[in-house]
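Subject: Handing over a structure

Hi there,

I am passing this structure on to you, and I hope you enjoy looking through it. Please open it alongside this email.

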Amino acid sequence: MVTNPIDLSATFHQGGPTEYAREHTAIWASLEEAVGGLEGGAAVALSSGMAAVAAVLELVPPGGVVVVPDDAYTGTRLGLGHLESLGRVIRRVVDVADAAAVGGACEGAALVWLESPTNPLLELADLAAAAGAAHASGALVAVDNTFATPLLQQPLALGADLVVHSATKFLSGHSDVVLGVVAGPPGEPLERVREHRTRWGAIPGPFESWLALRGLRTLAVRLERAQATAALLAERLERHPAVVRVRYPGLAGHPGHDLARRQMDGPGAMLSFELADAATADRVLDALELATVATSLGGVETLLERRSRRRGEEQLPPGLVRVSVGLEDGEDLWADLGAALDRAGRRG
Ligand SMILES: Cc1ncc(COP(=O)(O)O)c(C=O)c1O
């Protein structure tokens, strides 16, 4: 057999390698071996990226301090706000691009949560410096590696204790599955994440795991193509008069450009750009014919979204448009986006 079988059984004859499908399944093991191997460790697959985030946050002792980026995935920020409102954790919010601020915030923390590049502002954290400061204070370090993928960045090698993925995105790659993964060196604390999954049941379904494995097979070629197109779009966007600012770590003017070159094997396939205001951004998005206006990222279709329209993202620049670059022809995409900007996006 070349691909993995899909086993739908919820229970198994006693005495075999697995007895119940909330505890262990063969297809999780295959997926975990693949993602863990790419991250340089072992892995635990969960039912969504947020289930993976929640499993890691459960490691924080009651009342523990969690350092969290001011720009990070909304679900993570809102989830931590919820836990703080319950008195479960204390948040310490930092600008992850400011390595000194991150270092200063680590003292007394239980967990340093990092995301790099951040969603949606594409800010970069110096992961090795942050891990060093966190460990000096006895804190755990978790890195959300969803934007970079393990092909472009390996946080465990830079000192992180755990890596979190929304495997819904690039790892699966086709916008047809919701799934999460936590990776880490074998043993603690990763085994506590596995126990959390068995205890609370945030398990991926067999078909979702199969789809994730299928998507993973083409990650390298998808990412290479999408990244090349992202670079092309970022350069063209930067030259367009309607565009106020482009955020892409591959651009020489990005504040994290040098760090990206040291820490990453490529700037990735995500970028954001700013237009004058929300109305201009909406006009541009309305004028698109090829690219799709939708949330989420990492799939084969190029997706654009004005992020400030979402709950929890009101603090973002109103005209900020996030782009997840897909596999369409780069010149076709620019023809579409450039025309939309020409028609709808002129300033003033
Ligand atoms: C960076 C990042 N982390 C985590 C998540 C949550 O993942 P999921 O939607 O699979 O629960 C997302 C979702 O957009 C994300 O963008």
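Two notes on reading it. This is a predicted model, in which local features need pLDDT of at least 70 and side-chain atom pairs count only at pLDDT 80 or more, while totals for chains, interfaces and linings use all residues. Residues are numbered from 1 along each chain as its sequence is written.

The sheet

There are 7 strands in an open sheet, ordered 1-7-6-5-4-2-3, with mixed pairing. Strands here are DSSP runs of E with at least two residues, helices are runs of H or I with at least four residues, and both are numbered from the N terminus. Two strands pair if DSSP finds at least two bridges between them. Strand 1 (42-46) and strand 3 (89-94) are the edge strands, each pairing on one side only. From one strand to the next, the twist averages 20 degrees.

Strand 2 (residues 64-69) and strand 4 (residues 111-115) run parallel and are joined by 2 bridges. Val66 stands opposite Leu111 in strand 4.

Helix 3 lies across strand 2, strand 3 and strand 5 (140-144), and runs at about 140 degrees to strand 3. Axes are lines fitted to C-alpha atoms (for helices, over the stretch in contact), and angles run from 0 to 180 degrees between N-to-C directions.

The axes of helix 2 (residues 49-57) and helix 3 (residues 74-85) come within 11 Å and cross at roughly 40 degrees. Helix 2 is therefore oblique to helix 3; angles under 35 degrees count as roughly parallel, over 145 as roughly antiparallel, 65 to 115 as roughly perpendicular and the rest as oblique. Met50, Val53, Ala54 and Leu57 in helix 2 meet Gly75, Thr76, Gly79 and Leu83 in helix 3, where contact requires C-beta atoms, placed from the backbone, within 7 Å. By class, this contact of helix 2 with helix 3 has 5 nonpolar, 3 polar and no charged residues (Ala, Val, Leu, Ile, Met, Phe, Trp, Tyr, Cys and Pro count as nonpolar, Asp, Glu, Lys and Arg as charged, and the others, Gly among them, as polar).

Helices 1 and 7

Helix 1 (residues 26-39) and helix 7 (residues 206-216) have axes that come within 9 Å and cross at roughly 30 degrees, so helix 1 is roughly parallel to helix 7. Residues of helix 1 including Trp28 and Leu31 meet residues of helix 7, among them Trp210 and Leu213. The contact of helix 1 with helix 7 divides into 9 nonpolar, 2 polar and no charged residues.

Best wishes

Conventions
Contact = placed C-beta atoms within 7 Å.
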